[in-house]
Amino acid sequence: MANRRRRPELHGPPELYYDKSEALKYMRNSRMIDIQTKMAGRALELLYLPEDQPCYLLDIGCGSGLSGDYLSDEGHYWVGIDISPAMLDAALDRDTEGDLLLGDMGQGIPFKPGSFDGCISISAVQWLCNANKKSDIPARRLYCFFSSLYSVLVRGARAVLQLYPENSEQLELITTQAIKAGFTGGVVVDYPNSTQAKKFYLCLFSGPLTFLPKGLNEIKDEEEAKESTFTNERVPYKITRRGFVRKSREWVLEKKDRCRRQGQEVRPDTQYTGRNRKPRF
């Protein structure tokens, strides 16, 4: 699980590591934007929200608002919390549609009980496993975070937290504190046999565990590693939906494929899938 490069958490507190220069990368590095957007899409997929129904979601470690932009593009409303002022400034610069809050998730989520229909987090939770000062005790900060998160979710709602655990012990520490706070669920691993594409998603349920989605195994050609490109132009915050026309055959096939990845039972694809039906009289 450990990365060959020096992990960002080892450079110091997140509010110092994510300064203006780092925030700029999340606005102009095309590869970084693409990765963050895809992980946000996968997290939203694992939330298993009702179809065609806008929900009120929480984005923990929202950063420059890339994941929040995806939520907006999917028709949801959201609130983002982050500890880095520079990253939140970048989000404001990009005119994100969600509400933003400066705060430390290790000190708890400051919202009323039952405020959110779901929660996502991209590459943030592992920061709670590092102690940057004597008063920081990882287990306590994790429990404070998870117990407050459990409170602000509607009963039966889910939280999907994408994270980069340093090792199996760190992953066990995180999951143990989540279960201690009242959550059920487990870890979904996408592309477990790939060194670059492997991703961990902690899927938590604020109620009885119904089923745990399966991880992805096949890596598509377009998801292979690409070189980073930088631009001086601002990247539009709206995410295009793959160019599919709503209710078209391609749109229906993509939607059915997404439901299969969520673990739902879906009818087989046939030559009649997505075909327009004649009106009935």
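Q: Leaving aside neighbours within four places in sequence, which residues is T175 in contact with?
A: Leaving aside its neighbours within four places in sequence, T175 is in contact with V187 and L202, where contact means heavy atoms within 4.5 Å. This is a predicted model, in which local features need pLDDT of at least 70 and side-chain atom pairs count only at pLDDT 80 or more, while totals for chains, interfaces and linings use all residues. Residues are numbered from 1 along each chain as its sequence is written, and side-chain values use heavy atoms, with hydrogens and water left out.

Q: And where is T175 found?
A: T175 is found in helix α7, with helices (H or I, at least four residues) and strands (E, at least two) taken as DSSP runs numbered from the N terminus.

Q: Is T175 buried or exposed?
A: T175 has a relative accessible area of 18% and is therefore buried, given that buried means under 20% relative accessible area, exposed over 50%, and partly exposed in between (1.4 Å probe, protein chains only).

Q: What else is buried in α7?
A: The buried residues of α7 are Q170, L171, I174, T175, Q177 and A178. They cover an arc of only 160 degrees around the axis, which puts them on the same side of α7; the arc is that of the directions from the helix axis to the C-beta atoms.

Q: What do those buried residues pack against?
A: The buried residues of α7 pack against α6 (138-152), β5 (153-163), β6 (184-190) and β7 (199-205). On the other side of α7, the residues E169, E172, I179 and K180 are exposed.

Q: How many residues does α7 have, and how far does it reach?
A: Helix α7, residues 168-180, has 13 residues and reaches 18 Å from its first C-alpha to its last, which is close to the 18 Å expected at 1.5 Å a residue; the expected span is 1.5 Å times one less than the number of residues.

Q: What caps the N-terminal end, and what follows the helix?
A: N167 caps the N-terminal end of α7, with a side-chain oxygen 3.2 Å from the backbone nitrogen of E169. After α7 comes G182, whose phi is positive, near 120 degrees.

Q: Where does F183 sit, and what does it touch?
A: F183 is placed in the loop between α7 and β6, and it is buried, with a relative accessible area of 2%. Not counting residues up to four places away in sequence, F183 touches F146, L149, Y150, L153, A178, L204, F205 and S206. F183 and G207 are 24 residues apart in sequence, and their C-alpha atoms are 7.0 Å apart in space.

Q: Switching topic, which residues other than glycine have a positive phi?
A: Among them are D52, with phi near 55 degrees, and Y191, with phi of about 50 degrees. D52 lies in the loop between α3 (30-47) and β1 (56-60) and is exposed, with a relative accessible area of 54%. Y191 lies in the loop between β6 and β7 and counts as buried at 10% relative accessibility.

Q: How many bridges join β2 to β3?
A: Strand β2 (residues 77-82) is joined to strand β3 (residues 99-102) by 4 bridges, and the two run parallel. In β3, D99 is the bridge partner of V79.

Q: Last one: how many helices and strands does the protein chain have?
A: The secondary structure of the protein chain comes to 8 helices and 7 strands, and buried residues make up 45% of its 281 residues.

Definitions and conventions. A polar contact is a pair of N or O atoms within 3.5 Å; within protein, one must be able to donate a hydrogen and the other to accept it, and residues adjacent in sequence count only if both atoms are side-chain atoms. Two strands pair if DSSP finds at least two bridges between them.
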